[in-house]
Amino acid sequence: MAAVAVGTETRPGSRAVARYVRSSAFKAREVLDLVRGKSYSEAREILTFSERRISDTIAKCLDSAVANAEHNDDLDGDELFVAACYADEGPTLKRWRPRARGRATRIRKRTCHITVVVARYSDEELAAIDARMALKGSGRRSSAAEARRRRVAASRERDAARADELEQDEDDIEAFEEELDDEALAEDVEDAADEVETDEDETDDDGDETAAVAGAEEDNETDEDEKES
């Protein structure tokens, strides 16, 4: 990104200059023609949705000019418009590209200096703009800085709400896991109790069988004694 500086020229208004931009002046002028004479909000919107790569650099230069007007001249960004914008040619970088048969072709890498000047609308122009906006049913658009602050605040609120939802989900998962552990423990206790009861039943059955066998042996011994007598 080229350095952005504040210039002091004869044209009135707050300005910003982006020097040694790695683009040709012709490409920059095509985009500058779109925003010349537009209000700050309209120019910023045009540059945001422009498909030209140089639009990002021009948008930064425009933001710098508006920031200079707000901080140095105590002007409101909503009352500013692009009074002048132009691109001057900068130094050209010479490079060489190899070609067939040992030849070479010159490459010219162009640079430019972009200047954006913003000024305040007059009171009559501001009154006319407010009247047009009132007919459309909307007020004057807020500055890009205020819109950016609102977007950041809304994003932070969404992040906080998302974090709260994640914490609530984690708490629910922990509670569910604890319930599962309690249910598994209860099932294990019931299974152990069932096994103990089964073992006791088997023990009782073994005792009954042993008593029956002992009774049968006693009956056999009694019969044998009677036969001998």
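Predicted model: local features only at pLDDT ≥ 70, side-chain atom pairs only at ≥ 80, totals over all residues.
**Entry 1. Terms and model**

I take helices (H or I, at least four residues) and strands (E, at least two) as DSSP runs, numbered from the N terminus. I number residues from 1 along each chain as its sequence is written, and side-chain values use heavy atoms, with hydrogens and water left out.

**Entry 2. Salt bridges**

I looked up salt bridges (a side-chain nitrogen of Lys or Arg within 4 Å of a carboxyl oxygen of Asp or Glu). By this rule I count six salt bridges. For accessibility I call a residue buried under 20% relative accessible area, exposed over 50%, and partly exposed in between (1.4 Å probe, protein chains only).

I first examined helix α5 (residues 144–228), where Asp159 and Arg162 lie three residues apart, about one turn of the helix. Their side chains meet in a salt bridge at 3.0 Å, N to O. Asp159 is partly exposed, with a relative accessible area of 43%, and Arg162 is partly exposed, also with 43%. Salt bridges that share partners join Glu79, Arg120 and Asp123 into one network.

Asp123 counts as exposed at 52% relative accessibility, whereas Arg120 is partly exposed at 36%.

I also noted a salt bridge between the side chains of Asp33 and Arg36 (2.8 Å, N to O). Asp33 is partly exposed at 48%, and Arg36 is partly exposed at 38%.

**Entry 3. Helix α1**

Which residues of helix α1 (residues 25–35) are buried? I list Ala25, Ala28, Val31, Leu32 and Val35. Seen down the axis of α1, these buried residues fall within an arc of 130 degrees, so they line one face of the helix. The arc is that of the directions from the helix axis to the C-beta atoms.

I then looked up what covers them, taking contact to mean heavy atoms within 4.5 Å. The cover includes α2, α3, β3 and β6. Just after α1, Gly37 takes a positive phi of about 85 degrees.

**Entry 4. Ala43 in helix α2**

I located Ala43 in helix α2 (residues 40–48). Ala43 is buried, with a relative accessible area of 0%. Not counting residues up to four places away in sequence, Ala43 touches Val35, Lys38, Leu62 and Val82. I also noted that the C-alpha atoms of Ala43 and Phe81 are separated by 8.2 Å, although these residues are 38 residues apart along the chain.

**Entry 5. Helix α4**

Helix α4 (residues 123–136) has 14 residues and reaches 20 Å from its first C-alpha to its last, close to the 20 Å expected at 1.5 Å a residue. I compute the expected span as 1.5 Å times one less than the number of residues.

The buried residues of α4 are Leu126, Ile129 and Met133. They cover an arc of only 60 degrees around the axis, which puts them on the same side of α4. This buried set packs against β6 (112–120). On the face turned away from the buried side, I find the exposed residues Glu124, Ala134 and Leu135.

How many of the eight residues of strand β2 (residues 14–21) are buried? Six are buried, and I record the strand as mostly covered. I count two strands as paired if DSSP finds at least two bridges between them. Six bridges join β2 to β6, and the two run antiparallel. The bridge partner of Arg15 in β6 is Val117.

**Entry 6. Cysteines**

I searched the whole structure for disulfides (pairs of cysteine sulfur atoms within 2.5 Å) and found zero. Cys85 is in no disulfide, and the nearest cysteine sulfur, that of Cys61, is 9.5 Å away. Cys85 counts as buried at 3% relative accessibility, and Cys112 counts as buried at 0%.

**Entry 7. Positive phi in loops**

I looked up Asp74, which has a positive phi of about 55 degrees although it is not a glycine. Asp74 is found in the loop between α3 (54–72) and β3 (80–89), and it counts as exposed at 67% relative accessibility.

Arg101, also a residue other than glycine, has a positive phi near 60 degrees. I place Arg101 in the loop between β4 (93–98) and β5 (104–109). Arg101 counts as exposed at 82% relative accessibility.
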